[in-house]
Amino acid sequence: MRSPLSTLRLVVAVAVCASAGFGVAMPAARAAAPMVKYIGMHPLSPHQGEYCYIDAIHYHRFLPVDLRVYVSVKDGAEGPGQLYVGDPAWLGYDGPQVGYYGPHPLDVPLAPEAGRLFCYISGAHHHVTAPPPSTSMVLKDGVYWYLGPPPPADVQRSWINEVRAIKAYVPPKADLSAAPPGYRPFGPGAPGSSAPPASATPGATAAVPSSGAKVAGGAAAPAAAAPGKVKAVGKPAAGGTP
Amino acid sequence: MSCTLAAGDWSLARWWRRSAPLLAAIALALVPSAGCRRSHVAGTPSTDGVLEAFRNAGLDVAGVANAEPDAWGADVCSSGKVSGVEVVICEFTSDEQLGKTRADTVRDWNSFNIDTGLVLHNQRTLLIVADRGRQDPQGRAIGKMVTAFKRVQ
């Protein structure tokens, strides 16, 4: 009969061998996936409220799960990077935030190589920082409004308005009736559009463009807003956004 | 007058003869502690200054110690765990070497089991952070390090 002590030795030996085996196998398996560069803070997969709070260029082992909320910035040092361009609070960010309404220029100090970027979110939303001082950005009742020329039409970027926020999301309190003088609405919430502005649907991230909805900047570039073109291009996988 | 001076010289000599052993003992006692202090690279935040900033940000830096800088092509380095995450802080005299170490580090991450990596410089001081085993899954500790590191003068 085997003594309890020898049984214990056997169990320990098996455990040690198993853990050693994992230790060897895991790095090789994990290292097979290259690191992905992220520019600043971003939601974590599967977009159900976990957020990465690293406000610098950094690397993870995983790819972004929903390309509607990312812009791929090329030409940067150490390769292209993924920049989150959605409302951070949509997907779990709980830090300080600033209210915005409608599309506006997006300031990205971490990636100057990105050039001039626009946020294509229609309706009320947040960003982490206030815009740099500009005559075209007006602060009214705690919300920034963009009064400059409309952003260039970009069908794929306008898909960001289809992303749905987590249940806890509360959009900034603002709608078109609160717009400052001279404000010209862009995108699906604009007059004449069949889709309501985001603030009309609390809990949702933004208006969901209908088949006849204009894309951001549609007034300036109506050709890009043709619904047939959207379908022809096809939509990316929605990922894990709830 | 000359007699007074001679008396003064004699007093000084006697004081020196009596005090010399004591002064020598004090000097010897000071030598080891002076040897422990590292000289830092001028014109860039010191590793000690960065660690102090981390400490002030509420991070646990007890696991960080002086490290061999040659492995990083640097002049002064400290490394260890900060709030469970592996950290290396190095001072460089050369911008070129700093850039090379930075690029090599990012490239090498593709061969190692790292979940999150960050490399950031402030003047000629480099901060390398590697999270293995998802010790800081939301990057809150790393985020604090980044904020504190950027503010160090």
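A:Tyr59 stands opposite B:Gly117, a residue of strand E4 of chain B. The model is predicted; local features need pLDDT of at least 70, side-chain atom pairs count only at pLDDT 80 or more, and totals for chains, interfaces and linings use all residues. Residues are numbered from 1 along each chain as its sequence is written, while chains are lettered from A and ligands numbered from 1 in the order in which they are written. The model has an ipTM of 0.77 and a pTM of 0.71.

**Contact between the chains**

- In chain A, 18 residues are in contact with 18 residues of chain B; contact here means that the C-beta atoms, placed from the backbone, lie within 7 Å.
- On the side of chain A that touches chain B, two or more residues come from each of helix H1 (4-31), strand E3 (51-52) and strand E4 (57-60).
- H1(A) gives the most to that side, with 4 residues.
- Helices (H or I, at least four residues) and strands (E, at least two) are DSSP runs, numbered from the N terminus.

**Strand pairing**

- E4(A) pairs with E4(B), residues 116-122, in the antiparallel sense over 2 bridges; pairing requires that DSSP finds at least two bridges between the strands.

**Confidence in chain B**

- Chain B has a mean pLDDT of 84, with 76% of its residues at 70 or more; pLDDT is the predictor's confidence in each residue, from 0 to 100.
- Over residues 27-35 of chain B, pLDDT stays under 50, with 0 contacts beyond four places in sequence.
- Where pLDDT is low, the predicted coordinates should not be read in detail.

How values were computed
Two residues are in contact if their C-beta atoms, placed from the backbone, lie within 7 Å.
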